[in-house]
Amino acid sequence: MSSIKGPAPPPTKLDGSPLRVAIVHSRWNKEVIDALVTGTISKLKEHGVKEHNIVVQSVPGSYELPMACSKVISGSRVQAGASATDLLGGLNFGTSTPRSSTPALGSSSTAVATMPSQPVDAVIAIGVLIKGSTMHFEYICESVSHGLMRVTLDTGVPVIFGVLTALTDDQALERAGIGRGGNKGHNHGEDWASAAVEMATNSRRWT
Ligand code: DLZ
């Protein structure tokens, strides 16, 4: 029997061509993060978001996502930026240096760059939390979800909740479309991209 879960299609066709979208992702659980970020970028482009209007920023862990999203929205100076081209072309970042000399995504070496000053229409916060043997997971899940909602409501800019809160490695892998053992699952980054385009479009209409 097929599942009844998942998002229904939007009421109108999504057009991302006028939009500017930021992706802020953590670097914990990199294999899953990389798949989610790649799926998100591909779907944004499918919806017409132009590559130069996709801004990518990384932070150490999910706990740092709310602050980074807030800063990205306020256009403040941030630690590192990347274009979609850099990310897809080998998961590197750094817009101003040649690809061969840019550090890999997840590297401890970071370039300092200033976020472009144009406002973003939506931010997609991507993180992967996997439950361990302590209460760390619960505390981070709770603060990150509340923090991201607060940024959304305080700024009026949609912040999409792209944080997997998985109980096992397999749950995380399947939700990034890279599941093992016959069930690849579905890449939730695609859904987050669609939600970002829909909410950014709505938010332009609603103001
Ligand atoms: C410390 C920690 C742990 C245990 N697990 C995760 C995780 O599964 N996913 C994730 O994104 N981050 C994790 N972190 C790091 C915290 O989010 C944060 O970066 C550090 O506590 C520093 O503030």
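The model is predicted, so local features are given only where pLDDT is at least 70 and side-chain atom pairs only at pLDDT 80 or more, while totals for chains, interfaces and linings use all residues. Residues are numbered from 1 along each chain as its sequence is written.

**Overall fold**

- The chain has 6 helices and 7 strands, these being DSSP runs numbered from the N terminus, with helices (H or I) of at least four residues and strands (E) of at least two.
- Along the sequence, these elements follow the pattern β-α-β-α-β-β-α-β-β-α-β-α-α.
- Of the 207 residues of the chain, 43% count as buried, where a residue is buried if 20 or more other C-beta atoms lie within 10 Å of its own, exposed if 12 or fewer, and partly exposed in between, with C-beta atoms placed from the backbone.
- Among contacts between residues at least 6 apart in sequence, 73% join residues at least 24 apart, a contact being a pair of residues whose C-beta atoms, placed from the backbone, lie within 7 Å.

**Shell around the ligand**

- There are 15 residues around the ligand, of which Ser26, Trp28, Gly61, Ser62 and Tyr63 come nearest; a residue counts as near if its C-beta atom, placed from the backbone, lies within 6 Å of the molecule.
- The elements that give two or more residues to this shell are strand S6 (122-130) and helix H4 (136-155), and the largest share, 4 residues, comes from S6.
- By class, the shell has 7 nonpolar, 7 polar and 1 charged residues, with Ala, Val, Leu, Ile, Met, Phe, Trp, Tyr, Cys and Pro counted as nonpolar, Asp, Glu, Lys and Arg as charged, and the others, Gly among them, as polar.

**Helix H4**

- In H4, Val144, Gly147, Leu148, Val151 and Thr152 are buried.
- Seen down the axis of H4, these buried residues fall within an arc of 135°, so they line one face of the helix; the arc is that of the directions from the helix axis to the C-beta atoms.
- The buried residues of H4 pack against helix H2 (65-74), S6 and strand S7 (159-166), whereas the face turned away from the buried side carries the exposed residues Glu138, Tyr139, Glu142, His146, Leu153 and Asp154.
- Just after H4, Gly156 takes a positive phi of about 80°.

**Helix H2**

- In H2, 7 of the 10 residues are buried, so this helix is largely enclosed by the rest of the structure.
- The buried residues of H2 are Leu65, Pro66, Ala68, Cys69, Ser70, Val72 and Ile73.
- Just after H2, Gly75 takes a positive phi of about 75°.

How values were computed
Two residues are in contact if their C-beta atoms, placed from the backbone, lie within 7 Å.
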